[in-house]
Amino acid sequence: MAYDAFLLISFGGPEHPDDVMPFLRNVVRGRGVPDARLAEVAAHYQHFGGVSPINAQCRDLLAAVAEDFAAHGVDLSCHWGNRNWRPMLRDTVAQLRDAGVRRAVAFVTSAYGGYSSCRQYREDIAAARAAVGPGAPVIDKVRHYADHPGFVAPHADALRAALATLDPAARDRTRVVFTAHSVPLAAAAAAGPDGHLYETQLRETAALVAAAAAPDLPYDLVWQSRSGPPQVPWLEPDVNAHLARLAAAGTAQVAVSPIGFVSDHLEVVWDLDTEAAATARDLGLGFARAATPGTDPRFVTMVRELVTERLAAAAPRRLGTLALADPCPSTCCQSPRARPPARTSPRA
Ligand SMILES: CC1=C(CCC(=O)O)c2cc3nc(cc4[nH]c(cc5[nH]c(cc1n2)c(C)c5CCC(=O)O)c(CCC(=O)O)c4C)C(CCC(=O)O)=C3C
Ligand SMILES: [Fe+2]
């Protein structure tokens, strides 16, 4: 199994105020997200001049990976394509075909299983290859890396650093709050070969990061950035509601660690640094937000290790004990939308 290219695949984000609405329409195409929610989210992007930090973060990661590959004799050309905004994955796949690439190994900027974090990227790859047509390269996605030391250790160091900014005298009233993107309950239930894989992996990563950074502190795993119509249930509690409950129960300060993410993109800098921080301020709670891996050298090394693991069929380097589905079975993480609606009354 030899590869001739490396492909970074990410979510994508706007880079100009005029990009914001077309980007959002790409994200929610066919998803039933109300217009009012879209307008609200557009305002978050416009607050940052219509520029999401995520594309710059992808450029930085790709440059760091290319440098690391060169330094370690990994001879793969490096490319990047997004799900929702330029450079679009299908354009990148067309360029790979034009360059004569036959097999590419893909790394996605999401560490976990589940529809939005894993299967949708596989569907994006399949759709891009279908759009390009004959001659499109084979594209293999690397495994989930939620428990890889190159993901866990940077999160743990960042949590330790965030805690160090809080009041040491209030350590006994300090709590660690891990966050991840909420998803609809139906998607959470369908995640992974046996269901609930997204939450299960997040719980394991939370335990690994907490044990490494703050074994003396209590911690919780809560959810952020929900969207969709209000009548559709998503994973709860929301981070803001959770902070209110903690404050009422006597917590003095929190360190919030977004283990659901790999970089400080808009869901982090708006939903946590702006919204959750304001919630904490209103509640009189001390607040510190831990950084994400970004281009931490250990995270960059992890990308290379995930690739060489594939190339050499080597044993995975990992800290957790959950069963590893690699490659994922074709049936897991089915989009709830893709299923026929449940019948409510028997047909005659
Ligand atoms: C699990 C998950 C991750 C983590 C895995 C991964 O990283 O891939 C993630 C990441 C991200 N989500 C992002 C942005 C958005 N997500 C939305 C909407 C949604 N996310 C969902 C799930 C996830 N999302 C879901 C189930 C929806 C409902 C609509 C749908 O089923 O698709 C919407 C629509 C508006 C709204 O928020 O309602 C936006 C703008 C950005 C970019 C930030 C930037 O620009 O810097 C990033 C990295
Ligand atoms: Fe999202």
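Student: Where does Tyr-121 lie?
Tutor: Tyr-121 is part of helix α5. Helices (DSSP runs of H or I, at least four residues) and strands (DSSP runs of E, at least two) are numbered from the N terminus. This is a predicted model, in which local features need pLDDT of at least 70, side-chain atom pairs count only at pLDDT 80 or more, and totals for chains, interfaces and linings use all residues. Residues are numbered from 1 along each chain as its sequence is written, while chains are lettered from A and ligands numbered from 1 in the order in which they are written.

Student: Is Tyr-121 buried or exposed?
Tutor: Tyr-121 counts as buried because it has 21 C-beta neighbours inside 10 Å. The cut-offs are 20 or more other C-beta atoms within 10 Å for buried, 12 or fewer for exposed, and partly exposed in between, with C-beta atoms placed from the backbone.

Student: Which residues does it touch, leaving aside neighbours within four places in sequence?
Tutor: Tyr-121 is in contact with Ile-9, Val-108 and Lys-141. Contact requires C-beta atoms, placed from the backbone, to lie within 7 Å.

Student: What does UniProt say about Tyr-121?
Tutor: An unreviewed UniProt entry gives the annotation "binding site" to Tyr-121 and also to Ser-52. UniProt positions follow the numbering used here, feature names are shortened, and annotations may be inferred rather than shown by experiment.

Student: Where is Ser-52, then?
Tutor: Ser-52 sits in the loop between α2 (35–47) and α3 (54–71). Ser-52 is classed as buried because 24 C-beta neighbours fall inside 10 Å. Not counting residues up to four places away in sequence, Ser-52 touches Gly-13, Pro-14, Tyr-45, His-265 and Leu-266.

Student: What do the buried residues of α5 pack against?
Tutor: Their partners include β1 (5–10), α4 (89–98), β3 (103–108) and β4 (138–141). The buried residues of α5 include Tyr-115, Cys-118, Tyr-121 and Ile-125.

Student: How do α4 and α5 cross?
Tutor: Two packed helices are described by the angle between their axes and the distance between the axes. The axes of α4 and α5 come within 9 Å and cross at roughly 55°. Axes are lines fitted to C-alpha atoms, for helices over the stretch in contact, and angles run from 0 to 180 degrees between N-to-C directions. The two helices, α4 and α5, are therefore oblique to each other. Angles under 35 degrees are roughly parallel, over 145 roughly antiparallel, 65 to 115 roughly perpendicular, and the rest oblique. Among the residues that meet are Leu-89 and Val-93 in α4, and Asp-124 and Ala-128 in α5.

Student: Which way does α4 pass α5?
Tutor: The crossing of α4 over α5 is right-handed. A crossing is right-handed if the near helix is turned clockwise from the far one by less than a right angle, and left-handed if anticlockwise.

Student: New topic. Where else does UniProt place a "binding site"?
Tutor: UniProt, in an unreviewed entry, places the feature at His-181 and Glu-267. The two are spread over 87 residues of sequence, yet they cluster in space, with a largest C-alpha distance of 8.3 Å.

Student: Where is each one, please?
Tutor: His-181 belongs to strand β5 (residues 174–181), and Glu-267 to helix α10 (residues 266–269). His-181 is buried because 23 other C-beta atoms lie within 10 Å. Glu-267 is buried because it likewise has 23 other C-beta atoms within 10 Å.

Student: What is His-181 in contact with, leaving aside its neighbours within four places in sequence?
Tutor: His-181 is in contact with Gln-224, Ser-225, Gly-260 and Glu-267. With its own sequence neighbours within four places left aside, Glu-267 contacts His-181, Gln-224, Ser-225 and Phe-261.

Student: Finally, how do α6 and α8 meet?
Tutor: The axes of α6 and α8 come within 8 Å and cross at roughly 50°, which means that α6 is oblique to α8. Among the residues that meet are Val-152 and Leu-159 in α6, and Thr-205 and Leu-208 in α8.

Methods. Two residues are in contact if their C-beta atoms, placed from the backbone, lie within 7 Å.
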